[in-house]
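Open the model in your viewer and keep the selection tool handy. We will go from one stop to the next, with something to look at each time.

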Amino acid sequence: MPKLTIDNREIQVPTGTKVIEAAERLGIMIPRFCFHPALGSVGACRVCAVAFTEGPVKGIQMSCMIDVQDGMVVSTTDAEAVDFRRHVIEWLMLHHPHDCPVCDEGGHCLLQDLTVAGNHGIRRYRGLKRTHNNQDLGPLVQHEMNRCIQCYRCSRFYQEFTGYRDLGVMGIGSRVYFGRSVSGVLESPFSGNLTDICPTGVYTDKPSRYFGRRWDYQRHPSLCLHCSLGCNLTASARYRRVVRHEARPNLEVNGHFLCDRGRYGYAYASAADRPRQAMAAGTPGTIADILTGAQEAIQRTVEQYGPGSVAVATSSRSSLETLALLKQACEQHGWTGPATTQTDRQALNQRTAVNCLRPELAVSLAADTEAHDVLVIGADPLNEAPMLALSLRQVQRSGGHVTVIDPRGVRLPFDFDHWAVHPSAMGAIVQALIQEIAGDGTAASTEFDVTRLARQLNASPRPSVICGTDILTSREIALAGDLAQALCRTHRVAGLFYVLTGANAFAAALTQSERVSMETVLDRIENGSVRLLVAVEQDLWREFPDRKRLQKALKRLDHLVLLDYVNSPLNHEVSYFIPTQPIYESGGHWINQEGRLQGASAVMAGGDTIEVTGGLDHPPRVFESHIPGSEQLAAWRALAALTEDHAKTVKAIQEETLRSALADFHPAVDTTSAQPTGQRIDLNAVSHAGVESTEGPVPVVNEASSDTVLLLLVDWTFGTETLSAMSPTLEKVEASPVAHMHPDTIASFGLAEGKPVTISVDARQLTVPVQADPRMAPGVMVIPRHHLLEWQIFGETRVIVKRSQLNADGV
């Protein structure tokens with residue numbers, strides 16, 4: 001490794017390191033505008049000039065453009081270099097509008113910092129300033145082009161890093177303009193990152209505009225709960241309202257960026273209709289009284305019907321503390337559960353994925369960017385886990401190749417191979433790949449070039465397999481693990497990456513009672529063996545796929561105890577409702593899809609927002625010892641009150657719960673001083689029992705015929721995930737729900753593109769417009785689980801629909 005001297009301090013760094021990065025390792029921050037660790041060097045701003053006094057390079061050079069070499073002697077304080085940087089800053093300020101008092105970037109603006117550091121305070125140029133017209137870029141990003149210093153960060157990120165083309169650089173010389181050819185909503189689902197990477201105030205966060213300065217906010221590290229990737233973010237709150245998310249760098253997970261679903265999906269925590277009042281049968285009460293009533297109801301039920309008559313259900317958005325406490329309660333008291341998924345298929349899929357993930361195969365989101373050839377099986381990255389699509393874009397940028405095997409019309413912001421395979425044939429395709437890679441010569445014949453793909457993966461220096469768990473069966477999920485194992489035998493490094501369904505789906509699979517789902521619980525309610533249900537942060541109304549059955553079953557219960565922070569029609573119908581705290585008030589720990597344990601800090605104290613307490617006017621001028629609407633508890637604290645010793649302190653309960661939950665998977669983990677990048681649990685300690693055997697030929701399930709279509713209910717980037725679907729900001733960018741079908745399938749069923757189709761199921765109907773997608777597999781219909789659709793009529797998210805159930809309205 002080359003050794004160099006910077007400001008009389010020696011340092012040795014890897015070959016290929018830029019001088020500006022080497023200086024940063026010494027704690028020397030060379031000024032920069034255009035340089036960004038994720039985007040690399042471009043040499044556009046010229047403000048990182050340093051003096052090379054000895055060695056292979058001499059004179060004033062841009063430190064972001066020079067690779068370190070042995071024997072270099074660099075001075076960042078050289079008089080000529082300092083004078084050069086001072087003049088550059090003066091040039092950049094020639095046309096700046098000096099509107100810092102009304103700029104949302106003011107106070108954490110890199111241009112402000114360097115202008116003051118460069119001792120620039122008087123504008124000597126007396127000519128007119130160059131001005132630009134701003135554009136309307138949609139509801140997420142505010143555009144103020146007159147503040148631009150032409151650093152090119154925005155266009156490089158938007159076009160090169162994310163792969164979208166509707167925003168870029170136009171004009172030449174002094175008329176360079178960064179924006180769109182015409183005003184309009186930005187197409188990229190990563191557009192919010194422009195507000196983070198812009199070093200000035202050209203792009204600012206529109207939803208939080210004028211709400212406060214950074215020093216006004218309570219800012220703490222947190223996590224995104226809108227998919228299973230566990231992206232790191234910094235949450236900002238003011239007046240008991242979450243007002244902004246910013247990407248928090250984690251080079252093992254999300255790098256430096258966030259998707260827009262994670263950035264703008266926080267509104268649920270501060271919504272005016274968020275339930276904050278504890279109730280018993282719709283009657284308000286103190287949370288202590290409601291907890292006591294619920295506890296007594298549980299005791300009466302157990303005494304009369306036995307411990308198995310009490311069932312517990314939760315979801316994958318709950319923290320590890322909550323999941324672990326529920327598991328402990330079920331084991332200690334003999335309750336049924338916990339059920340952490342909606343259907344038996346989902347329960348089996350999640351558990352199979354977790355069981356197949358071996359430590360030698362598991363890769364992080366960041367590590368996937370280093371793969372050379374990636375095979376995606378049954379996953380739609382941009383819709384299910386958007387930041388995964390951004391990682392795959394980096395694979396393609398570095399010369400790698402991506403192949404997607406999926407029946408949907410998958411779209412990604414780069415060129416890739418797409419095999420539109422009907423779900424019933426996906427298992428056979430994957431098994432044929434395994435046999436070709438193993439070289440046993442027994443691969444079944446298919447319409448796709450399996451042999452070529454197998455050779456490509458075998459020849460790859462670093463292959464990786466990405467597998468979804470939403471539309472597939474457990475058989476295909478296990479086969480994806482077998483494929484990664486087969487590649488591991490021929491490669492030193494091969495990766496396996498499962499896309500799970502929920503922020504804490506990994507932990508939910510570990511804590512869930514063996515194959516017990518909400519569907520199983522309903523079976524037991526219907527046969528009378530379960531008399532009381534405790535639902536914890538489980539939005540049954542929106543998420544269970546058979547609403548009619550759910551309503552009938554819940555009416556058979558003696559008691560329904562609901563703990564949540566989401567507004568739902570069920571809240572006023574339950575026996576006991578206990579409001580809980582979202583992640584911003586409770587903090588907690590989550591395990592992402594690769595098994596990485598990460599913690600989130602509480603950002604603010606709970607309570608009604610100023611808008612609520614003041615009725616959209618000035619808050620009441622009353623001084624009290626408590627915060628209005630602050631009775632909510634963290635879900636695990638409320639559960640502890642129902643099941644644990646009240647003498648224990650809150651901290652003791654949390655520490656005991658975490659210690660118990662992690663004892664089997666990461667004995668050495670220290671949750672009080674967690675590493676910034678998180679800690680992967682011991683995957684060797686995860687039980688690998690129960691994985692379905694994949695030996696022998698894969699049977700082809702008869703899901704494709706001329707009289708049926710396979711309906712898949714899927715996720716979209718916006719509008720389907722429970723929490724982010726409550727964001728008024730994201731509602732403005734979400735697409736209207738449609739039913740996607742292959743043109744041949746539309747014609748064969750007598751439907752018409754653009755016209756609505758009505759699907760009938762047991763006297764219930766769903767009407768949705770049809771949209772043709774030639775990239776899809778024939779014989780498949782794809783409908784989003786959109787909050788504007790009452791899709792909860794099908795009973796499952798993968799169902800066969802007969803021709804007689806389809807009515808072509810208007811045809």
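Begin by selecting S1 together with strand S5 (residues 73-75): the two pair in the parallel sense over 2 bridges. Strands and helices here are DSSP runs numbered from the N terminus, with at least two residues (E) for a strand and at least four (H or I) for a helix. Two strands count as paired if DSSP finds at least two bridges between them. Show Ile 6 and you will find Val 74 of S5 standing opposite.

A word on what is on your screen: this is a predicted model, in which local features need pLDDT of at least 70 and side-chain atom pairs count only at pLDDT 80 or more, while totals for chains, interfaces and linings use all residues. Residues are numbered from 1 along each chain as its sequence is written, and side-chain values use heavy atoms, with hydrogens and water left out.

**The sheet**

Leu 4 faces Ile 11 of S2. S1 and S2 make a hairpin with 2 residues between them, and Asp 7 in the turn has a positive phi of about 50°.

Now widen the selection to the whole sheet. It is an open sheet of 5 strands in the order S2-S1-S5-S3-S4, with mixed pairing. S2 and strand S4 (59-62) are the edge strands, each pairing on one side only. From one strand to the next, the twist averages 35°.

At the S4 end, pick strand S3 (residues 49-54), which runs antiparallel to S4 and is joined to S4 by 4 bridges. Phe 52 has Gly 59 in S4 as its bridge partner. Then bring in helix H2 (residues 79-92), which lies across S3 and S4 and runs at about 165° to S3. Such angles run from 0 to 180 degrees between N-to-C directions, with axes fitted to C-alpha atoms, for helices over the stretch in contact.

**Two helices against H15**

Which helix packs with H15 (residues 474-490) at an angle of about 15°? Select helix H13 (residues 423-438), whose axis is 9 Å from that of H15. That angle makes H13 roughly parallel to H15, a label for angles under 35 degrees. H13 passes H15 in a left-handed crossing, meaning that the near helix is turned anticlockwise from the far one by less than a right angle (clockwise would be right-handed). Among the residues that meet are Val 430, Ile 434 and Ile 437 of H13 and Leu 479, Leu 483 and Leu 487 of H15, where contact means heavy atoms within 4.5 Å.

Show Leu 348, Asn 349, Thr 352, Ala 353 and Cys 356 of H9 with Ser 474, Ile 477 and Ala 478 of H15 to see the contact.

**A link along the chain**

For the last stop, select Arg 596 and Glu 252, which form a salt bridge with the closest N and O atoms 3.7 Å apart. Arg 596 sits in strand S26 (residues 596-600) and Glu 252 in the loop between strand S12 (241-247) and helix H6 (260-264), 344 residues apart. The structure holds 33 salt bridges, each a side-chain nitrogen of Lys or Arg within 4 Å of a carboxyl oxygen of Asp or Glu.

Definitions and conventions:
Angles under 35 degrees count as roughly parallel, over 145 as roughly antiparallel, 65 to 115 as roughly perpendicular and the rest as oblique.
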